[in-house]
Each structure stands twice: as C-alpha cells, then as structure tokens.
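Okay, everyone, thanks for making time. Let me put the structure up, and then I'll talk you through a few spots in it.

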Amino acid sequence: MTVVRVIPCLDVDQGRVVKGVNFVDIVDAGDPVELAAVYDQQGADELIFLDITASHERRDTTVEMARAVAEQVFIPFTIGGGIRTVDDARRLLRAGADKVSINSAAVARPELVAEIADEFGSQCCVVAIDAKRTDTPGLDSGFEIFVKGGREGTGIDAIEWVRKVVDLGAGEIMVNSIDRDGTRDGYDLEMTRAVADAVRVPVIASGGVGGVEDFAPGAIEGGATAVLAASIFHFGEASVAEAKTALAASGVRVRPPE
Amino acid sequence: MSEPAADGPLIAVLDYGIGNLHSAHQSFCHVGANAHLTADRGLIADAAAVVLPGVGAFGACMRALHDSGLATVAIDAAADDRPFIGICVGMQLLYEGSEESPGVEGLGILPGQVGWLPKTEIRPQMQWNQLDLTDAGTTDPLLDGLDRSWMYFVHSLVGPGAPEVTATCQYGGAQTAAVRRGSVWATQFHPEKSARAGLQLLTNFTRIAGADA
C-alpha cells in the first residue's frame with residue numbers, strides 16, 4: 001500500500017536558502033542544514049533543494065551544501081537545478097545527495113536521463129516537468145512542456161514526454177503546473193492524474209498548494225505518491241505535521257509524525 | 001561534521017566506487033562508531049564489523065565489487081563471524097543472483113534469488129514503510145526497539161521470503177525487509193536515511209560490533 005510522502009521544497013542560491021521562513025528557535029533562516037533539521041523534526045519524508053544559483057562557477061557551493069546536509073540530517077534529499085552533465089550529477093551524489101532532478105537539461109538533451117540512470121540507477125534520477133494547459137493542435141494531451149522557469153514553450157506534449165523519459169530511465173516524475181504555481185488554488189489535478197496514469201513510476205505533485213486541504217486531492221484525485229509544497233511551509237503557515245494530519249484525515253496513509 | 005569516533009568500534013564501510021556511499025559512512029560516525037569508508041584490505045581485516053552498502057543495479061554493483069577487489073573481501077568478512085551488514089542493494093548482493101541482472105552471480109552468502117516486487121505495485125517502492133518483526137526478529141538485537149518503526153525504502157526487487165527473515169513490510173503482500181543469519185545481517189531499507197529509527201538501528205549494530213570486538 002502506498003504511503004504518501006510529504007516533501008518541502010527549498011530554493012537555494014549559492015548554498016543559502018532563500019525566501020521567507022519564520023520559525024521560532026532558528027538561528028539562521030538561510031542555513032540549509034538548520035532548516036532541513038526543522039523539517040525532519042516535523043516529519044518531512046524527503047526534502048528537495050532547488051538550486052537557483054545563476055552562475056555555473058558558483059555551484060560548488062551547492063555541492064558543499066549537499067555535503068553539510070548529508071552530515072547532519074538523515075532523511076533522503078534531492079537536488080535540482082543546473083545539472084547538465086553526468087559529472088554534475090556525480091558530484092552531488094558523491095557529496096551525499098540521494099537523487100538529482102533534471103528539467104530543462106533533459107529537454108535540451110534527453111540522453112542525459114539515460115546517462116544518469118545507467119551510471120547511478122533510476123532510483124536517483126528524477127525528471128521534473130514544468131507543464132501548462134494548451135489547446136495547440138497536435139498536443140493531444142492538452143498539456144505542453146515549458147522550459148526556462150516556465151517562460152518558454154517547447155511544443156512537446158507533456159504525456160508523450162514523461163513516457164519517453166521513463167523509457168530512458170527516469171525513476172520518478174515531478175509534475176509542476178505553471179498555471180497553478182504561486183496561485184494557491186491547489187494542484188492541477190487533471191495534469192497530475194494524466195501523468196500518473198501514463199507512467200508506472202512514483203509521481204510528485206507540485207505547484208499551487210495554498211493550504212493543508214490541498215494535499216490529499218493530489219494523492220487521491222491526482223494519483224501522486226508524493227506531495228510537494230514550498231511557501232506554506234517556509235512562511236510557517238502550516239507544518240509538515242499538520243499537512244500529514246490533514247492527509248490522514250482524508251484517508252491517505254502517511255508516516256505519522258513522531 | 002561527524003568525524004569517526006576514535007574510541008568507538010572500528011567499522012569498515014566498503015568503498016567500491018559506486019554512487020552515494022557517503023551517507024552510510026556519515027550516519028555510522030554520527031552514532032559514535034569509528035567508521036571508515038575504505039577499500040583498504042588491512043583496515044577491513046582489522047575492523048570489528050563490516051558494512052556493505054549499495055545503490056543502483058545489481059549487475060553494476062557486482063561488477064564494481066569485483067573491479068575493486070572487494071567481492072572476496074566481503075565473502076571472507078561475512079564468513080569469519082565478525083558482524084556484517086548489507087544495506088539495500090548491498091543486501092541483495094548477498095544472495096546467489098537477481099532477476100534484475102540474469103546471469104550475474106551474487107556473493108552467495110545467503111541462499112536464494114532476488115526477485116521483482118509484484119507488478120501490481122508502483123516500482124520502485126520509494127517511500128517510508130512500517131516494519132513487522134517476525135518471531136526471529138523480536139529477539140534480534142539489531143531490531144531492538146524497532147517493531148512497527150518506519151524506515152525508508154527504495155527498491156524494485158526484493159530478497160526471498162525465507163529463510164532467516166527478521167522483518168517484513170507490506171507492499172503488494174509481505175516483503176522481506178530484514179534478515180539475519182548468524183553474524184550476517186541485512187536490511188532492504190536504508191537505515192542511514194530513516195531519521196531517528198534508522199539511527200537507532202545503526203546504534204544497535206555499533207553496539208553489537210562493540211560487544212563482539
């Protein structure tokens with residue numbers, strides 16, 4: 001039976017967590033280790049760090065961050081953003097990241113998915129998609145893959161794309177709805193369900209959570225096995241424990257907070 | 001950072017050059033073991049206990065184990081009564097072979113073949129799941145205090161349902177989660193990624209290693 005994972009997502013710039021965070025008892029709101037420990041205590045099942053560092057040269061700070069988190073926090077974590085080569089992935093995994101997530105780089109060069117999966121295993125190769133509803137003819141699913149942070153359409157059908165990357169070796173798909181991102185209207189459940197029905201690997205719902213009541217539909221109607229949120233956790237509007245209580249109240253099985 | 005504890009039992013984490021071995025090593029240091037990620041035969045021979053981690057595909061891990069010269073070292077270490085633990089794919093390598101990589105011989109330390117999880121379930125099982133201890137598990141010092149605890153699993157294949165199973169988890173039926181044969185232990189889940197419950201298991205193993213040393 002599926003036990004749905006709750007995953008806080010943290011944006012990281014040069015090894016520091018950016019955006020909000022109002023936790024009491026925290027010394028440094030930008031310290032990824034301290035924040036990871038807080039989410040672990042709240043019962044987070046995994047963490048995702050999204051690297052938004054603009055300069056490629058400064059990404060060494062992200063490798064150092066992975067090492068620091070792995071030394072202190074003993075739950076799985078994924079690093080996404082800026083991974084373009086097998087070597088980029090190797091450095092992060094060797095430093096202690098459990099998975100890497102690739103998005104635009106996979107669109108630019110789909111073989112990267114196979115290269116990472118072949119070398120390190122499918123279980124550590126997450127493909128994230130930014131998708132948007134479309135009525136463009138030829139995109140049969142009605143969902144199109146976007147890149148560059150959701151600003152640029154690719155003309156690729158999202159459902160054909162996720163089938164392809166799973167065939168190439170992706171072990172997990174993170175589905176982010178551009179339409180819903182930042183709206184607080186809840187996940188795009190149709191999009192999530194379309195992806196979950198198209199592939200046989202775990203699917204993470206992402207984009208649009210406004211409150212703890214938005215999590216359960218992602219699992220029940222969307223068919224996701226993991227639910228992700230950023231701002232409601234970072235701004236202290238809800239804890240991971242509260243998210244799990246809401247999921248359990250809707251009949252979704254979760255690992256209970258300690 | 002967590003340094004190896006100088007006065008803790010020497011635990012050798014076999015370094016055969018695959019993905020994330022750092023976490024297994026770090027987590028043992030964190031619970032007070034004098035843990036070393038190493039391919040040094042001398043150090044491994046001196047260790048009070050040996051850890052065989054593993055991620056990725058069975059065939060690739062077996063190849064890396066042979067290439068690094070550590071396959072025979074692992075077999076010898078498991079045979080000589082020192083505490084030995086295989087983790088995740090490191091557990092699967094202990095069997096005779098795996099449906100994942102037909103034709104590739106495993107270490108043969110435990111009898112039987114590794115098989116696919118049921119087709120009806122999402123593969124991999126990538127989630128936390130709850131341990132059910134078997135009768136043998138309730139007296140196993142490795143699992144002391146851990147009945148019904150939650151552990152993190154990532155796997156598409158699983159060891160056989162008998163013998164020597166100490167814990168199972170439910171995933172399309174009862175699946176083998178942990179085994180013990182004498183001084184050889186193995187877990188399908190990742191204790192090093194299972195928060196406080198996982199660290200408790202590593203503490204238990206370190207205690208076993210210390211008592212034995």
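Let's start with B:Gln175, which touches B:Leu117, B:Pro118, B:Val158, B:Ala167, B:Thr168 and B:Cys169, leaving out residues up to four places away in sequence; contact here means heavy atoms within 4.5 Å. That glutamine sits in strand E12 of chain B, residues 174–181. Helices (H or I, at least four residues) and strands (E, at least two) are DSSP runs, numbered from the N terminus. Is B:Gln175 buried or exposed? It counts as buried, at 9% relative accessibility. The cut-offs are under 20% relative accessible area for buried, over 50% for exposed and partly exposed in between, with a 1.4 Å probe and protein chains only.

Quick housekeeping. This is a predicted model, so local features need pLDDT of at least 70 and side-chain atom pairs count only at pLDDT 80 or more, while totals for chains, interfaces and linings use all residues. Residues are numbered from 1 along each chain as its sequence is written, chains are lettered from A and ligands numbered from 1 in the order in which they are written, and side-chain values use heavy atoms, with hydrogens and water left out.

Next, another glutamine. B:Gln130 is in strand E7 of chain B, and at a relative accessible area of 14% B:Gln130 is buried too.

Now the interface. On the chain B side 36 residues are in contact with 37 of chain A. Together the chains bury about 2,900 Å², 52% of it on carbon and sulfur atoms; buried area is the accessible area (1.4 Å probe) that two parts lose on being put together, summed over both. B:Met126, B:Trp128 and B:Arg196 supply 22% of what chain B buries there, more than any other three residues.

How many salt bridges are there between chain B and chain A? Two, counting a side-chain nitrogen of Lys or Arg within 4 Å of a carboxyl oxygen of Asp or Glu. One of them joins B:Arg196 and A:Asp40, at 3.1 Å from N to O. The elements giving two or more residues to that side of chain B are helix H1 (22–30), strand E7 (125–130), strand E9 (150–155) and helix H7 (195–212). H1(B) is mostly covered, with eight of its nine residues buried. Just after H1(B), B:Gly32 has a positive phi of about 95 degrees.

Last, some strands. Chain B has an open, mixed sheet of three strands in the order E5-E6-E10, where pairing takes at least two DSSP bridges between two strands. The edges are E5 (97–98) and E10 (157–158), each pairing on one side only. E5(B) runs parallel to E6 (113–116), joined by two bridges, and B:Ser98 stands opposite B:Val114.

Over in chain A, E7 (143–147) and E8 (152–157) pair antiparallel over three bridges, with A:Val147 opposite A:Glu152. Their hairpin has four residues between the strands, and there A:Lys148 takes a positive phi near 55 degrees. That's my tour, so over to you.
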